[in-house]
Amino acid sequence: MAALHLLVRLVHVAGMAVLLGGAALVWGQCRLAPDGPDDEPLATDRARDEPLATAAAYEWLFWGAVGLVVLTGVGNLGAMAPAVRGPGTGWGLTFAVKLAAVGGLLAGSLARTLAVARWRATAIRPGTRLGTAYAATAGYLVVLVALAEVLAHG
Amino acid sequence: MADPREVAVERPSLFSWAAGSFHAALLVAVLVAVLHLSGAAGDLLGGVGTLPGAVVYCYLWALSAWTTDRALAASGVTPAAGVPDRRGALRAAAAWGGVTGVLFFAALFAVAAGLLVAAAGVEAIGFLLVAGVIAAMLAAAVGAVVGVALALLDVALLRAAVALTGDRRGADADVGRATDADSG
């Protein structure tokens, strides 16, 4: 049973690493991509188009990783079940805040995914909006990691 | 520039994979939040067990991904075309939400019924049939309501996505009409 719980935690941390690392990677690629006119059609400049292609690949991975992180997050909670404190405690309040933040991440991320799909389907250049979306995602995920740290060690 | 309404959609699309995963994750997060706020999270989640819990979640995830894909295919909603027919989209969401509710319930019921028959014998089958049919109808109704609620949320997030892209062509039926009026 201890090995199973260790596996659950490993998948949870690895999933979070994919989410945060992927968002930071796309953000970094957006910052390094060459500038150019926004009205230039997509697929005319490979170096400029790469961040959007990476973003689309990341979005497929993102939702798989999110599913695993939520699954293993609930598994973690079940594993520490006798020690789970109620909503009236400091830990319980932090956990409630984290759950609300997870809801915000899910909703905001679906909007971001749909924006990426729309940019690709309509061949419209995202300009600086793409990098901003992934910077915001990475920043939001750092806050979630900090909340998880507080819950685990606070 | 390509007309967003004429773009071919591959199935399963990124939209259906993302929305299906979003629905499953959000439902579980809301359930955990309700349990936590009621003070029952520890006892209930501790009693489920890690492996059975993971199997149930994966089943819900796969079911949600499939039914969301079917609902999106039936309604013609895509990130590029927006929502061509809002009522049609909500009807598809209700229908496939009902399917999700019934299939999710059916799997849990089959396991519970198997355990009950093993413990109480075949005499329990008659009761299980009646109870199962009634509960399945209830599951369909709950699934339909949840499906419509999630579809409304999806439409709101699609609007947010359109705002993020900075291009409102074909965003939804209302925007489509406004664009036609402007061009006329």
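**Chatting through chains A and B**

Colleague: Which residues make the nonpolar surface patch of about 270 Å²?
Modeller: B:Tyr59, B:Trp66 and B:Leu103 make that patch, at about 270 Å². Keep in mind that this is a predicted model.

Colleague: Where is B:Leu103 found?
Modeller: B:Leu103 is in helix 4 of chain B, which covers residues 86-120.

Colleague: And why does B:Leu103 count as partly exposed?
Modeller: Its relative accessibility is 32%, so B:Leu103 falls in the partly exposed class, which lies between the 20% limit for buried and the 50% limit for exposed.

Colleague: OK, helix 3 of chain B next. How many residues does helix 3 have, and what does it reach from first C-alpha to last?
Modeller: Helix 3 of chain B spans residues 50-75, so to speak, with 26 residues in total. From its first C-alpha to its last it reaches 37 Å, close to the 38 Å expected at 1.5 Å a residue.

Colleague: What follows helix 3 of chain B?
Modeller: B:Gly76 does, and its phi is positive, near 75 degrees.

Colleague: Let's switch to chain A. How many helices and strands are there in chain A?
Modeller: Chain A has four helices and zero strands, giving α-α-α-α from the N terminus on. Its C-alpha atoms fill a box of roughly 60 × 30 × 25 Å along the principal axes.

Colleague: What share of chain A counts as buried?
Modeller: Of its 154 residues, 47% count as buried. The accessible surface of chain A is about 7,300 Å², and carbon and sulfur atoms hold 69% of that.

Colleague: For contacts in chain A with a separation of 6 or more, what percentage comes from residues 24 or more positions apart?
Modeller: Those residues account for 77% of such contacts in chain A.

Colleague: How about helix 1 of chain A, what does that reach?
Modeller: Helix 1 of chain A, residues 2-32, reaches 44 Å from first C-alpha to last, close to the 45 Å expected for its 31 residues. Its buried residues include A:His5, A:Val8, A:Met16, A:Leu19 and A:Val26.

Colleague: Pick A:Val26. Why is A:Val26 put in the buried class?
Modeller: A:Val26 has 1% relative accessibility, so it counts as buried; the cut-off is under 20%.

Colleague: Which residues is A:Val26 in contact with, leaving aside neighbours within four places in sequence?
Modeller: A:Val26 is in contact with A:Pro51, A:Thr54, A:Ala55, A:Tyr58 and A:Tyr134.

Colleague: And what separates the C-alpha atoms of A:Val26 and A:Val8?
Modeller: They are separated by 27 Å, with the two residues 18 apart along the chain.

Technical notes: Residues numbered from 1 in each chain as written. Chains lettered and ligands numbered in written order. Predicted model: local features only at pLDDT ≥ 70, side-chain atom pairs only at ≥ 80, totals over all residues. Heavy atoms only, no water. Patch = residues over 30% accessible without salt bridge, like charges linked within 9 Å, V, L, I, M, F, W, Y side chains within 5 Å. Areas by Shrake-Rupley, 256 points an atom, 1.4 Å probe, with all protein chains shown as cover. Salt bridge = Lys/Arg side-chain N within 4 Å of Asp/Glu carboxyl O. Helix = DSSP H or I, 4+ residues; strand = E, 2+ residues; numbered from the N terminus. Buried < 20%, exposed > 50% of the residue type's maximum accessible area, 1.4 Å probe, protein only. Expected span 1.5 Å × (residues − 1). Contact = heavy atoms within 4.5 Å.
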